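Please brief me on this predicted model: its strands, its annotated sites and its ring contacts. Keep it short and grouped by topic.

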Amino acid sequence: MIDTHAHLTDERYDGDREEVVKRAKETGVKKIICILVEFDERSMQIFNRLLEHDFIFGAVGIHPHDAKDYEKHKDIFLQLLDLPKIVALGETGLDYHYLNSPAQTQKAVFEKQLQIASERNLPVIIHSREALDDAFSIISNSGIKKAVMHCFSGLEEEAKEYLNLGFYISFAGPVTFKNAKKPKEVIKIIPDDRLLLETDCPYLAPQVFRGERNEPSYIKYIYEEAANLKNISVDKLAGIVSENVFKLFGT
Ligand code: NI
């Protein structure tokens with residue numbers, strides 16, 4: 001099992017971060033992609049320490065919430081992208097639910113990052129919330145080919161548009177929620193060779209721990225539910241996702 005999206009620098013892990021990592025390993029998590037979207041000294045130090053674990057890889061991006069601070073973080077962000085264990089740019093994208101940064105700024109900063117990813121030939125981890133049309137138009141104009149729509153919560157038609165671009169679609173805890181009809185349906189139409197899974201921890205804990213702090217070891221509940229919905233074994237699914245991770249992130 002691989003957790004393709006974990007925010008392990010979050011302060012909610014300050015008391016037991018190494019135990020969380022150990023628990024993931026003991027549960028059978030083979031790789032974790034740790035997402036860095038904070039550029040304060042503390043977060044960057046934790047991130048670097050996390051990357052010392054063989055099985056932890058990194059992604060760095062300016063989150064749409066912080067688009068307004070792009071110029072402030074740009075230099076350090078570009079330096080971090082050069083770290084050897086960085087396998088993707090992200091998360092980046094558009095979020096019109098929380099307009100922490102104005103939509104115009106979000107769009108401009110998203111476009112810039114897609115440009116950087118394409119220059120560096122890095123895959124992109126995309127966050128899109130309540131910004132369907134703008135996100136799709138920026139993405140399709142960018143010519144980006146290697147990307148994942150992270151924590152996908154859209155409808156079938158939206159998923160198909162991204163599949164047509166060659167993208168991967170990643171599902172998180174909501175696929176396990178009792179009342180979540182949409183992701184349970186949409187995951188069924190995602191071809192095996194385009195599917196990824198993630199916790200997006202510390203957010204969105206799966207149904208069993210809903211509302212609590214999430215962590216990479218809980219990815220097993222997401223694999224179990226996804227395997228069930230796709231009518232295959234967890235082992236088979238783990239093999240499929242590992243192959244996809246290798247194709248997209250090269251690890
Ligand atoms: Ni995230």
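Strand 3 and strand 4 (residues 86-95) run parallel and are joined by 3 bridges. Strands count as paired if DSSP finds at least two bridges between them. Strands (E, at least two residues) and helices (H or I, at least four) are DSSP runs numbered from the N terminus. This is a predicted model: local features need pLDDT of at least 70, side-chain atom pairs count only at pLDDT 80 or more, and totals for chains, interfaces and linings use all residues. Residues are numbered from 1 along each chain as its sequence is written, and side-chain values use heavy atoms, with hydrogens and water left out.

**Strand 3 and its neighbours**

- Strand 2 (residues 31-36) pairs with strand 3 in the parallel sense, over 5 bridges.
- From strand 2 the chain passes through helix 2 (residues 41-50) to strand 3, and this β-α-β crossover is right-handed. Right-handed means that, with the strands pointing away from the viewer, the path from the first strand over the helix to the second runs clockwise.
- Strand 3 (residues 56-60) is largely enclosed by the rest of the structure, because 5 of its 5 residues are buried. Buried means under 20% relative accessible area, exposed means over 50%, and partly exposed lies in between (1.4 Å probe, protein chains only).
- Both faces of strand 3 are covered. Ile56, Gly58 and Val60 are buried on one side, and Phe57 and Ala59 on the other.

**Strand 1**

- Strand 1 (residues 2-6) has 5 of 5 residues buried, so the rest of the structure largely encloses it.
- Strand 1 runs parallel to strand 2, with 3 bridges between them.
- Ile2 stands opposite Lys31 in strand 2.

**Annotated binding sites**

- UniProt, in an unreviewed entry, places a "binding site" feature at His5, His7, Glu91 and Asp200. UniProt positions follow the numbering used here, feature names are shortened, and annotations may be inferred rather than shown by experiment.
- These residues spread over 196 residues of sequence but cluster in space, with a largest C-alpha distance of 10.8 Å.
- Of these residues, His7, Glu91 and Asp200 are included in the lining of the largest pocket. On a 1 Å grid over the protein atoms alone, a pocket is an open set of points where a 1.4 Å probe fits, with protein on both sides within 12 Å along at least five of seven lines; lining residues have an atom within 4 Å of a point.
- Glu91 is found in strand 4. Glu91 is buried, at 2% relative accessible area.
- The unreviewed UniProt entry also places a "binding site" feature at His127 and His150.
- These residues span 24 residues of sequence yet cluster in space, with a largest C-alpha distance of 5.8 Å. The lining of the largest pocket includes His127 and His150.
- His127 lies in strand 5 (residues 124-129). His127 counts as buried at 14% relative accessibility.

**Aromatic pairs**

- Rings of Phe, Tyr and Trp (its six-membered ring) pair if their centres lie within 6.5 Å; planes under 30 degrees apart count as stacked, over 60 as edge-to-face and the rest as tilted.
- By this rule there are 8 aromatic pairs.
- One of them is Phe209 with Tyr221, edge-to-face at 5.7 Å centre to centre and 75° between the planes.
- Phe209 sits in the loop between strand 8 (195-197) and helix 8 (219-230), and Tyr221 in helix 8, so the pair ties together parts 12 residues apart in sequence.
- Phe209 is partly exposed at 22% relative accessible area, and Tyr221 is partly exposed at 24%.
- Tyr218 and Tyr221 also pair edge-to-face, because their ring centres are 6.3 Å apart and their planes are at 70°. Tyr218 is buried at 13% relative accessible area.
- Phe39, Tyr70 and Phe77 are linked into a cluster by ring pairs.

**Charges over rings**

- Lys25 has its charged end over the ring of Phe55, 4.8 Å from the ring centre. A charge sits over a ring if NZ of Lys or CZ of Arg is within 6 Å of the ring centre and within 35 degrees of the ring normal.
- Arg210 lies over the face of Phe177, 3.6 Å from the ring centre.
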